[in-house]
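Q: I've got a protein model open and I'd like to learn how to read it. Can we go through a few features together?

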Amino acid sequence: MAALHFKFVPPTMDKPLKTINIEPPILKLGFLYEPFPVESSLREQLHDHINAEIVTGTISHKEDAVHYLTWTYLFRRLMVNPAYYGLEHAEPGILNSYLSSLVQSTFEDLEDSACIKITEDSVEPLMLGSIASQYYLKYTTVSMFGSKIGSDTSLEVFLQILSGASEYDELPVRHNEENYNEKLAEKVPYAVDHNRLDDPHVKANLLFQAHFSQSELPISDYVTDLKSVLDQSIRVIQAMIDICANSGWLSSTITCMHLLQMVMQGLWFDRDSPLWMLPCMTDDLLNSLHKKGIASIQQLLDCPSESLRAITGSSAASKLYQDMRHFPRIQVRLKIQPKESNGGKIFTLNIRLEDANTQRRTAKAFIPRYPKVKDEAWWLVLCNTSTSELYALKRVSFSGRLQTHMDLPSTLTNFQGIKLILVSDSYIGFEQEHSIEGLA
């Protein structure tokens, strides 16, 4: 092969070429190849971590908490970069003083929030702290619940409390969305503060109400936001229910359960007919059923096929049967059994639950307006409806049938007025009340 030869031709410019200095790319490449130090964000979340460790028993006094912190990434960064955390040096004495002060202030905040109890030698969890840990909620959320929930809290107030949870602090309110919120506020039943339309908690409240009212959302971002709000709401409402139940408040417990049913079904408990849970339901069909005294799905399930066809017509009855296949038909059987305990006699309520809807093949809840799949669950509420006292609460899930029991309070001298209420966590209008007075 012949060799290739190149000839250099100098430029024919009148002016000399400029000299270009090319800086070595080492400094710029350092941004790509040299790791940046990552600092700890534990301080901002420390209350919730410390509370959870107190609930599990890992931390039982101040020294435990300080020792716990020495195993965290925060402690490593304190030693390497103390200035970032407001310390002049990383000497052992300074670090120990800083950690002790951090633990003390955290303990005091948790105690002020009624999450823990501090004594001279130890620290122990309280009900609110245990519930916060169980449902992964911020301590500020359960503290707010403890101060605002009462024995007879209304549905509207419960919705305000739910929307005010710290878990909604980061719900985005984008540029000009206060205008969308203002228009949405005109369509929903419960009023919101019009001076705070750019507040994430007000937006959460409006999204909940829009969901219950099945209102059209203004932009697609609101659809995404609603899914996030609904997803967070389940554990928040369950925590509120536990707080009410632990306080023995029957009325507030049941009302809060209704709020969860509303979230699941996208309906108002006190404004909409439970029959709207059926996808085939229309205004005309609803009126026809109401005229015959049918106001719930349970009544539909009990209605003979011939009667239902006579009321609605064959075509509508066929659609109703298709939709009714998705719903359970729970039968409850109760029996009181005495037993000896520590020289005395106590009573146990044996409970048998059975789904008599043989057409169902799943225990998944029928919740077409909720964005996620969920298993059915039920609450067994042992109470006295005349005095509004709640004695015990048990949550159960089952497919087909379930045998369980609840111990009756030893303080009860008789069973007059005592009832067991079965409440669904997914369906509106499925409550059953059973008196146990005549079972003993």
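Q: How close do the axes of α11 and helix α12 come, and at what angle do they cross?
A: Here's the general idea: two packed helices are described by the angle between their axes and the distance between the axes. Keep in mind that this model is predicted. In it, the axes of α11 and α12 (residues 250–265) come within 9 Å, and they cross at roughly 165°. An angle over 145 degrees counts as roughly antiparallel, so α11 is roughly antiparallel to α12.

Q: Is the crossing of α11 and α12 left-handed or right-handed?
A: For this pair, α11 and α12, the crossing is left-handed.

Q: Let's pick a residue there. Where is isoleucine 241, and is it buried or exposed?
A: Isoleucine 241 sits in helix α11. Its relative accessibility is 0%, so it counts as buried; the cut-off for that word is under 20%.

Q: What can you tell me about alanine 65 itself: which helix is it in, and is it buried or exposed?
A: Alanine 65 belongs to helix α3 (residues 62–69). With a relative accessibility of 0%, alanine 65 counts as buried.

Q: Which elements give two or more residues to the lining of the largest pocket?
A: Those are α7 (139–148), α8 (155–163) and α10. The biggest contributor is α8, with 4 residues. Sort the lining of the largest pocket by class and you get 6 nonpolar, 5 polar and 3 charged residues.

Q: And how much space lies in the second largest pocket, and which residues line it?
A: The second largest pocket has about 220 Å³ of space. Its lining includes Gln45, Asp48, His49, Ala132, Tyr136 and Glu167. At least two lining residues come from each of α2 (42–56) and α6 (127–134), and α2 supplies the largest share, 6 residues. By class, the lining of the second largest pocket splits into 4 nonpolar, 5 polar and 3 charged.

Q: Last topic: backbone angles. What is the phi of glutamine 214, and where does this residue lie?
A: Glutamine 214 has a positive phi of about 55°, although it isn't a glycine. You'll find glutamine 214 in the loop between α10 (200–213) and α11 (220–246). Its relative accessibility is 45%, so glutamine 214 counts as partly exposed.

Q: What about serine 388: where is it, and what is its phi?
A: Look in the loop between β5 (378–384) and β6 (389–396) for serine 388. Its phi is near 60°, a positive value in a residue other than glycine. At 31% relative accessibility, serine 388 counts as partly exposed.

Conventions: Residues numbered from 1 in each chain as written. Predicted model: local features only at pLDDT ≥ 70, side-chain atom pairs only at ≥ 80, totals over all residues. Heavy atoms only, no water. Buried < 20%, exposed > 50% of the residue type's maximum accessible area, 1.4 Å probe, protein only. Nonpolar A, V, L, I, M, F, W, Y, C, P; charged D, E, K, R; others polar. 1 Å grid on protein atoms, 1.4 Å probe; cavity = no way out; pocket = protein on both sides within 12 Å on 5 of 7 lines; lining within 4 Å. Points joined across faces, edges and corners; volume = space filled by probe spheres on them. Axes fitted to C-alpha atoms, helices over the stretch in contact; angles between N-to-C directions. Parallel < 35°, antiparallel > 145°, perpendicular 65-115°, else oblique. Left-handed = near helix turned anticlockwise from the far one by under 90°.
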